Amino acid sequence: METPEQIRDRLLARFPAAKVELVTNPGTAAEHSLLLDAAHARDIALFLRDDPALRLDYCSNVTGVDWPEKKTAVSAPKTAVPTLVERVDPNALPGTPAPASALGSTRSTPANDSGNYLEAVYHLYSMALKHGPVIIRLRTGNRTDRVTLPSLTPVWRAADFQEREIFDLYGIVFAGHPDLRRLLMWDEFQDHPMRRDYVAPDDFEWEPTPHGDVHERAKGHYPTTEGLKG
Amino acid sequence: MHDEFHGDLLEVSMGPQHPSTHGVFRMVVTLDGEQIVKLKPVFGYLHRNHEKIAESTSYLGSMPYTDRLDYLCSMSTNWAYALAVEKLSGQAVPDRAQYLRIIMAELTRLVNHSCLVGFLFNDLGTSFTPLLYAFREREKILDLFESLSGSRMMCNYQRFGGCRVDPSPEWLAAARTLVEGFPRFLDEYETMLTGNEIMLARTQGVGRLDPAHAVNAGITGPVLRASGVGYDLRKVDGYGFYPRFDFRVPLGEHGDTYDRYMMRILEMRESVKILQQAFRDLPAGPVMDPKAKLRGFRPKAGEAYGRLEGPKGELGFYLISDGSPNPWRYRVRPPSLINLTLLEEMCLGHTIADAVVILGSIDIVLGEVDR
Amino acid sequence: MSEPAHHTPFPSAGNISDAEREDLRRHGILISSLEELYGWGRSNSIWPLQFGLACCAIEMIAAATARFDIARFGAEIFRPSPRQADLMIVSGTVTKKMAPQVVRLWNQMPEPKYCIAMGACAISGGPFKQGYNVLKGIDRFIPVDIYIPGCPPRPEALLHGLTQLQDKIRAERISGPQAARHLQPDAASEFPVPDFGAHDLQPPSNPNLFTAPVLPRKA
Ligand code: SF4
């Protein structure tokens, strides 16, 4: 199979107006991916599916990823690394964004940008030619109001439920999806719980066993110990 | 659609509590008489936030959660996760562990497929009898799992870079005896079920799935192969030591419920062959890579998608690491969910009783559908 | 029929001591009170609701199969309809999306009815307690009679829970202040079904049923 660089070059030759970037994967797996611009994504996807040398007829996996704005000022790695359990502000109301410090991270996949977007990642394989994966990524403009991406469900039906799931949990709106509803949460639900700044409802009224974060959150509900002291 | 010949359409909500939907799965079915004209699955009744929890847990901490994803096949789900993490961190796996993984995965396939056939016949109205046979065999295999890993269902056995414990020679002998006896159970099972007249009438030609649509909809596993598409990751990716094994991948022809049933039976026979070879060739040696680090495990930044042929289809884990002890993104590619993509198309025009059977033949586990 | 040692003896019919009853029994004469007979009959024909939520349901099915054979305790008739069931085995994780339906099923069951919370998830949310969509224990919405810990509890544990429930049923009185719940006119039988809210269930728990227990803590 062609390398991602070759695919990129062919795509650029075929779609001169499109923007196709190679996103390198610094990890051991070294599965590099192609970042497409939203405007041409549908055409490029069709091309990838039908091109005789690629024939990526099988879209295996569609993933949403949240990349909140990167705090460039964070320098001390100790605080930047997310702790074992994600800390959230216990005073924050459900649905309000957590303080930015909770989002500290040393993530490095898109090393050269500052984040603040949502991403959809598609893993494509070819069942006919038995090769793959070719990984394509789409990115939204930001995380609040420019969150529309073209749906690839018309190209690969396999993306149907998975795009609905991403719409539900991340809030990416897939334009052109035939049936874009919440998949997992109920329809009245308003948050996008897989985002990093989502604050879950505080309903750990009582937690008798120490259980990390749950324990901490439950403490707020414990009765005061003052009466017991005397 | 109201005229002389068509009455009103009836909308029925099946589930989430329904005896034949394999857990808390719900379908909103629109019926014309008894024929299905529309079917919308509703998910999320078992959405347990596995991915969110995994993103705030260490890599190893998610291993027990993978047991609970597909709770009939904890061993192979463990392996899929270990495979993805090993790809992410570039860890090696000793030979003995590779063989043990194949043994566990194939035993799991036996459990899953025999139980699935039992459940499928439950849906056909046999009221428990085939399931009793299946569970009899399942208990034997679970006893093996329990004596090895300490738990019947939630084995938590695989580790990054190997397996947790080495089975004793007695364990291997017992497993061997079980595998030798398994074809007898299959013969018994098939005598009872395969040629059954009611079964043939209810399953042949029901719920046809044509190969082109199936590929486009990302259907994998036995359901895809029943439609005649030869795509088995054990052959295609050749992960683990599968290329060393001699086995065939059964293919169906019609893509109907009957083929999907036969696919399971034939795959079990192939699994028995794989297991026999694995017991024959099992090398000595360590089961854990001595360099593997379990505590304080931090793969370097990057991402990896690891997948394997689970009993239900392609089970994948997509991990993004930011170099911290927790994954930045942890995603499960659930075969059960994606295999349901074409449920509506498969059920259209059939009766509601057939929809239940078609659903049964797809083989879903809700823990994996909703995660 | 020998009673377990911890069992409270039933008020016997007439002024016959337990020893005398035992003596009569050996001669083939059974003397029983209506209360005892009623409890004995009910405790040995519990029909559970056929209703599985998650992994624990598989162990529940295993308990019904040949090896563990729940039929020995008279509870093998799993009814798919709540109208015909006496016992709800909440076997698995109750998610917030599922909780209203579980409460509705409970409301549809006729009295006398009992509830077993099977597994860590049904008791408290279990391993998934941190989840935003996971209900932290079904006892926030419906009263639970027996808790069976485990993840999943073994089928034997379910059988043990069932025999505990049988003991509980046998100890119930027909009248008086200690009468069984379904015989008390003012005891609630139906419980409010929570609504889906924008962020959480509304209300997140039933305040008449669930209050956070007070922690006994040293200062
Ligand atoms: S208690 Fe454990 S086995 Fe039971 S439903 Fe919860 S996670 Fe599954």
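This is a predicted model: local features need pLDDT of at least 70, side-chain atom pairs count only at pLDDT 80 or more; totals for chains, interfaces and linings use all residues.
How many residue pairs are in polar contact across the interface of chain B and chain A? Keep that one in mind while you find your way around.

Let's go to chain B and chain A. The answer to the opening question is 28 residue pairs, counting those with both partners at pLDDT 80 or more. On the chain B side, quite a few elements join in: β3, α1, α3, α8, β6, β7, β8 and α12 of chain B each bring at least two residues to the side that touches chain A. Of these, β6(B) gives the most, with five residues. If you sort that side of chain B by class, you get 21 nonpolar, 16 polar and 17 charged residues.

Some of the links here are salt bridges, and there are six of them across the interface of chain B and chain A. Here's one to look up: Arg137(A) and Glu303(B) meet through their side chains, with N and O 3.0 Å apart.

So much for the links; now for the area. The size of an interface is often given as the accessible area lost when the parts come together. For chain B and chain A, the buried area is about 4,500 Å², and carbon and sulfur atoms give 54% of it. Three residues stand out on the chain B side: Lys52(B), Glu303(B) and Trp328(B) supply 17% of the area that chain B buries against chain A, more than any other three residues. As for who takes part, the contact involves 54 residues from chain B and 57 residues from chain A.

Chain B also touches chain C. Here 32 residues of chain B are in contact with 35 residues of chain C. The area buried between these two chains is about 3,000 Å², with 63% coming from carbon and sulfur atoms. In chain B, the residues losing the most area to chain C are Gln17(B), Tyr45(B) and Arg48(B), which together make up 21% of what that side buries.

What holds for polar links at this second interface? The rule finds four salt bridges between chain B and chain C. One of them joins Arg152(B) to Glu59(C), where the closest N and O atoms are 2.7 Å apart. There are also 13 residue pairs in polar contact, both partners being at pLDDT 80 or more.

Next, find the ligand. Which chains surround it? Residues from chains B and C do, so the site is shared between chains. There are 16 residues around the ligand, and the closest are Cys55(C), Cys56(C), Ala120(C), Cys121(C) and Cys151(C). Within chain C, α3 and α5 each give two or more residues to this shell, and α5(C) has the largest share, three residues. The shell divides into ten nonpolar, four polar and two charged residues.

Finally, take a look at chain A on its own. Chain A has six helices and seven strands, in the order α-β-β-α-β-α-β-β-β-α-β-α-α along the sequence. Of its 230 residues, 53% count as buried. Among the contacts in chain A with a separation of 6 or more, 61% link residues 24 or more positions apart.

Definitions and conventions:
Residues are numbered from 1 along each chain as its sequence is written. Chains are lettered from A and ligands numbered from 1 in the order in which they are written. Side-chain values use heavy atoms; hydrogens and water are left out. Contact means heavy atoms within 4.5 Å. Buried area is the accessible area (1.4 Å probe) that two parts lose on being put together, summed over both. A polar contact is a pair of N or O atoms within 3.5 Å; within protein, one must be able to donate a hydrogen and the other to accept it, and residues adjacent in sequence count only if both atoms are side-chain atoms. Helices (H or I, at least four residues) and strands (E, at least two) are DSSP runs, numbered from the N terminus. Ala, Val, Leu, Ile, Met, Phe, Trp, Tyr, Cys and Pro count as nonpolar, Asp, Glu, Lys and Arg as charged, and the others, Gly among them, as polar. A residue is near a molecule or strand if one of its heavy atoms lies within 4 Å of it. Buried means under 20% relative accessible area, exposed over 50%, partly exposed in between (1.4 Å probe, protein chains only).
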